[in-house]
Amino acid sequence: MSGKKFFIYLAAMFFLAIYNAFVIWGIFILWVNARYGLAIVLVVLTLLIDYVSFSRKGYPYRYMIPALILLFVLTIYPMYYTFEVAFTNYGTGHLFTRPEVVQKLLNEYFYVPDDPVEYNFWVFVKLKDYKPTNDFVMLFEEESSENRHISPKPDVISRDSEGNITLARSEMFRVDNNNASINGVNHTIIVSKKDGNYLSINNELGENYVYFYSSNDPSTRANAAFFLGEIRSNWLKNAEFINPQNYQVRLNPQTLYRNFATVERQYGMKTVTSLDSGYAKQKQVLYNRQTGRNLVEKNGYFYDVKKNGEEVRLDGYISGVGFDNFLKMISDPRVRGPFFQIFLWTFTWAGLSVVFCFTIGLALAMALNDRKLRGTKIYRTLLIIPWAIPAFISVLVWRNGMFNETYGILNRFLFQGLLGFEEPIRWLSDPFWAKVSVLTVNTWLGFPYMMTVSLGALQSIPGELYEAASIDGARRWQKFWKITFPLLMVSVAPLLVGTFAFNFNNFVGIYLLTEGGPAIPGSTTPAGATDILISYTYKLAFYGRGQDFGFASAISIIIFSLVAVFSWLNFKFSGAFEEVRR
Amino acid sequence: MAIEKKRYWLRHLILIIVLAIVLFPMVWVVSTSIRRDEAAFSPKLFSTRVTLQHYQNLLFPKKSISRVILSMQQAVHGLGDYRKAEEKKVKNEITDLSRMFDNYIDDSIAMVDSIEMKFEAINESVKRKISEIISGMNDIRHQDIEIIDERLDELQNKKDSDLYQAALLNVISNEEFSVGKGYRAFIEQTDIEPAGEILKTIENYKNQYNAVLDISNELINLLADYEFDGKDDVINSLNKVSEYISQENISYSQWRSEHWLKVINRNLKNIGDVLEQEKAKTITNKKDQLYDTFKSAKATWEKMQELHNNLIEKTEEVMSNALSEFEYSEYIDAQSRLETIENKIAQINSKLENLNEAIPEIKESLNVAGLVLVPETTKMDKARETLKTFLASDKVKQEADRAFPVRVLGNMETLVEELIPLKNKLSNTEESLDVYTHIEEAINILNWFVERKELIVVNQDNPDVENVIGILEVSYSNISRVKGDLTEYVNQYADLTAERKDKNKELSSLLDEKEKLESVVAETKPSYEDALNRLSNNIEIAELNYLKDFAQENIETIDEAENYYNTVSKTMKKYFQIKSNIRYRSYTWYSDFVDADEEINQATSVIRSVIDKMRSMKQDLDGKILNYVELRFLGASVDISVFDEMTKLFNREFQNFNASYKRAQRLIGDMIDFSTAYSGEYIGELREVDRSIFKISQIWTRKESTYFYFMRWLFNSIVIALSVAIISVLVAAFAAYPFSRMRFFGRGQGLLFLLLIQMFPTIMFMIAIYSLLQFLGNYVPFLGLDTISGMIFIYCGNIAFNIWLIKGYFDTIPDSLEESALIDGANRLQTFWKIVLPLARPILAVIAILTFMNVFNEFVMASIILQSIDKWTYAVGLQQFSGRFEASWGPFTAAALIGAIPMLTFFLLLQDQIVGGLTKGSVKG
């Protein structure tokens, strides 16, 4: 018994140790990548877990560890993140942090100087089963001096998130009399005795590289596809070869990559000293090595200043903008107009949805709430179907089948067929009718829920009340308004608030039907006439080319606070607070 | 009691109507997903031609021919799905694909043969039934006569001879002009000239028409015995004469250019060289006679047409005479004038709109220009004060020895003269503008100085006066600088406002007139409508009379049946609201059949040629395709053009035969749905043909690539939803246990916190979660973007609500069970695992299923995170099935139902629990 217990204890400790090791590694990476938010969340979480694992008092919390991990990473961190992003310009043009952008400027921009040394090249590949592989060596020949060099396959220095090589490097080794020594290994160029063409490069280790491709040798054109698709696009595009004079040699853009040339990096970093309130202050700045001018930074972008003073925008980085995203909602007229329109429509939409669903649902519930009525169960089950079918499916059916402007059932049969309308109703492209459409579909989707809960509530109203009322001579309407409705409201009111909150964020009901459209004219953001806040946020962040995560997050926060108010109201109504205190 | 019962009946009715409306979309989905006719929006909700093909396409997708070709091409060239495939696999694939291709071709041939055979058999059999068709048509003909008679009796008292003539003219002007029976029948009844003349001309034309045909025949006979160059051409051309002259039309110039001059005349010109003189002469004479007769027939035709036009021109006149007792022409006149006036009003309104936009703009500019005057006026006012003080002092000289003229004063005088008209113009406008006062003030002050011109000139040496002059010079130059603008704006403003005034005046007079006309129109309208009614009654009488005559004749051949149908059906449809297609089914079924036969023949010939070509190309390919694959793997770039040719052939020809087949299918559908007396026995055969055509089109149509991913998406969805359901229920159950059974620091706050965060929909976290996964993917690849496991991970974050629900259920399980176990030496974990968890199985199951459903239905997160098509979930993939064309509705609805039905079943089974759970959580979804 105690042995078993000890074993369990040991196992638990083992897992805890592994978890801690993993987290420390994770935190290290996060810190390096400047993801402080997530790092802090992880640190707090791990301390918590370690504490509850060792402390007797923490026993109840041990059950919650998995849930805590999930909640922290997937709920609390995103909330924190949203808050953080809301105060930045994160979005199209500002997708990377400043250090990342500086690195990119330093490493990825080149220019070919006025008098470059140009190199022709020959590619030699190793064959495997007579098929070319991507193991290759390069032979370079200086155009001016006919000096030749051999380079081995470049080594990968860095890759991007998709695994593409962003930087690879290799060295050039001088060829003497068709021989070159690469890191102590002798390589020999084999030349045809007949016509002097290259045949292959062999080395001391017995490796054999066969002549494969050269851009100025038409006889190798058949191999161009493999060269371009495999070797150039993967390996040579971002490769630099260091020549004996220690210059970088890269594919030459000026000859459409048909040869190589010495290049210089476009931007460099230098330290400038400036006087700041009497003290000498040193600052690192980026400058253009070709023109010698410093880069200018404003609005989260780097600008290159040309000779004529024109500023050319380079990459942008994420930077804090304070309350700009919130102020934009109020100050910029081209954002403000649509934003307030959307804000208002969100409330209208949620309100009207609740009213329609509740009215229809209650009417049907009253009709079904009669024990003497036969088939109640069947009616109820059939009427629930719109609720039971996943909303994203039925919304698509409505959009494609019912509301299609040329084919749709509604236009073709009801309005143009039976009612004789001449023009088709533009269900989805006219602002008014688009609103009618989304409300219609949402009522269709939502009334069964209201019907079901109202039916439950109606059945719990004791029949004696009605009998007593009948004896007092109350009429039907009086009974409804004086007995049914108030008693119904006691249990249904919190659900109405809940439904309001749900529809407030009912993304599927809007986005799948109209994508928020038709677009509001004159807006700089992708705002549409039927957009509600949540679909607007979605479109800002993920729609089209211009993404604006910062602004989207700011709106998210507005939604956060509004939903919190509804939730509070809802708890108040439903007595959830009491349940918690129990 | 009786009343109660009646109320229930009403309630049932209402509920059923509500149900019908509510469930209509779903019924439509079901019916569309199983119909074969691709008529998703047909008024017939349920098609008789039902198929499960759409489901089969999605659940067990098969490549169609075009796709097989594409796949082979990709396999050989190492593209698409085969980018990274190994040589052996590629070879196997190609062998499979090649076999599939051959099978498809064989199947197609078999199907085409069977279709052709069956239709041939039906054709034979139908030919034997022609007498039945004709007798059926004769039966209908008798019925037609009866109902026409009845209707004519009803209309008897409406007939009015004047009106009848007007009606005839109406009918005639709508009728196609021809010498045929229908046209003549109406002309014969017409009393109005030149109807008689037209009749005569018609006779004339007929004679000439017959003569032309006779002469050309004689000529053919004459020529038959001789041999000469171009004889065949000539005979051929002569045979074609009848194509250029008929009872409906004559195309003389065309005949002349195509057959007379080019062929006949040229070839017969030198006939004298070949034949004996006498015979050549006869032939030449006959030839000339043909030409002359043709020409005169044309002249007659033209005359006839002219007469016809004359007759038609009289229509209006005759009509207004016949309707003189009604206010017919008054109404038309008023109506047309009303239209003109309304057009004018619209024009003026748009003009006014423009003016109303332009005037405020110009006013704005005017005011801005006027503001320039203000500082100058103020400056000059100060100068005036200075001058006044000076003038009041004793330094003033009344005369001077030498007084140079002061230029600015003269200029100011001109300026005043220029400003005054501006002021006057502005005073005439409706509105009083600020600029008016500014100008007025400027004029006053300028005048003041001008009036004291002499004094200023005399005293110009005085330093004060000198200063004043300086100020005046500056002000003058400032004012004169804006003067140009000011003048222009004032003029524009005055013009525009004047124009607006005029237009308004015009508008009001037009509106008056419009009102008057409207009242005239309203007054005359009843009478006009009455007149129209009378007229249309008479038209009906005229047309029915003709039809009655027409129907008297017995139908004897199928051509006559066709003629009868074509002539009668339109009018019958117009006056008796019958569906002509159904009423004359006896004939229309036959004509549908003939059309369908033609379409099928057309399609068959095309598809046969396509199959032959494809087959030979394929045979050509069979020998070398594997060699090519080996070559490619050896590094040689291969390019097989046969595939492109196949694809091209397919693209070019597929639409041709497919369209024919589609039309044939539609006709066959009608033939099955609307059968007639003699066609019952073919229905079985027709159905089979229909099915075969459908199979062929399934083999050949281009299938969307989405079909091939559908099962994959479904699988992904199920994997994700199942994993999330299991993981999150377990995690939530563990977390809920201490909340239910133990007391610890932060319990209340924790519960509240759980309630709070479940209120925030996860959709808001998408930005954070997206970047989180992007980041994670760099270090833990299986949790990155575009991975199924990453998707499972983030869905597991949605557990707060589940913890809350499970905690509630744990509360209902009595503590005593656990307590006794604890006494027996079990620990907490054991009691939880062995006692509480099994007892809570019902709620765990419900929550697992609910989670499953929620995850299955979620598409926003999934569509952001899953980017490659083979990783998508069902919910993301379904968006691709949007129905742009009628043909894509079947797949879309089938795909929707495949996903919806399991969810629907789950939901209906768990109805009560879901309602209970959601009432507690109070939020749907």
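**Close-up 1. Helix 32 of chain B and the helices that cover its buried residues.** In this predicted model, the cover over the buried residues of helix 32 of chain B includes helix 26, helix 30 (800-812) and helix 31 (816-823) of chain B. The buried residues in helix 32 of chain B are B:Thr831, B:Phe832 and B:Val836, and, seen down the helix axis, the buried residues fall within an arc of 100°, so they line one face of the helix. An α-helix has 3.6 residues a turn, so residues three or four places apart point the same way. Helix 32 itself spans residues 828-839 of chain B, twelve residues in total, and from its first C-alpha to its last it reaches 15 Å, close to the 16 Å expected at 1.5 Å a residue.

Close-up 2. The largest nonpolar core holds 178 residues, and the members that touch the most other members are A:Ala67, B:Ala732, B:Ile803, B:Ile806 and B:Ala896. Helix 26 of chain B (residues 706-741) gives the most to this core, with 17 residues. Once neighbours within four places in sequence are left aside, A:Ala67 is in contact with B:Val731, B:Ala732, B:Phe734, B:Ala735, B:Ile799 and B:Ile803. A second core, separate and made up of 109 residues, includes B:Ile215, B:Val241, B:Met319 and B:Met646. To the contact between the chains, chain A and chain B bring 77 residues each, and on the side of chain A that touches chain B these residues divide into 58 nonpolar, 15 polar and four charged.

**Close-up 3. Strand 4 of chain A between its two pairing partners.** From strand 4 of chain A (residues 148-151), A:Arg148 and A:Ile150 point one way and A:His149 and A:Ser151 the other way, and all are buried. In a regular strand the side chains alternate between the two faces of the sheet. Strand 3 of chain A (residues 131-142) runs antiparallel to strand 4 and is joined to it by four bridges, with A:Ser151 as the bridge partner of A:Met138. The hairpin formed by strand 3 and strand 4 of chain A has five residues between the strands, and A:Glu146 there takes a positive phi near 60°. Strand 4 also pairs in the antiparallel sense with strand 7 of chain A (residues 173-174), over two bridges, where A:His149 stands opposite A:Arg174.

**Close-up 4. Two asparagines with positive phi in a loop of chain A.** A:Asn177 is found in the loop between strand 7 and strand 8 (179-182) of chain A, and A:Asn178 lies in the loop between these strands as well. A:Asn177 has a positive phi of about 55° although it is not a glycine, while the phi of A:Asn178, likewise a residue other than glycine, is positive and near 65°. A:Asn177 is exposed, because 7 other C-beta atoms lie within 10 Å, whereas A:Asn178, with 13 other C-beta atoms within 10 Å, is partly exposed.

Close-up 5. B:Leu496 lies in helix 19 of chain B (residues 463-552), and it is partly exposed, because 19 other C-beta atoms lie within 10 Å, whereas 20 or more would be needed for it to count as buried. Not counting residues up to four places away in sequence, B:Leu496 touches B:Leu355, B:Ala358, B:Ile359 and B:Ile362. B:Leu496 and B:Asn356 are 140 residues apart in sequence, yet from C-alpha to C-alpha they are 9.3 Å apart in space.

Methods:
Residues numbered from 1 in each chain as written. Chains lettered and ligands numbered in written order. Predicted model: local features only at pLDDT ≥ 70, side-chain atom pairs only at ≥ 80, totals over all residues. Contact = placed C-beta atoms within 7 Å. Nonpolar A, V, L, I, M, F, W, Y, C, P; charged D, E, K, R; others polar. Core = buried A, V, L, I, M, F, W, Y, C linked by C-beta atoms within 7 Å. Buried ≥ 20, exposed ≤ 12 C-beta atoms within 10 Å, placed from the backbone. Expected span 1.5 Å × (residues − 1). Arc of directions from axis to C-beta. Pairing = 2+ DSSP bridges.
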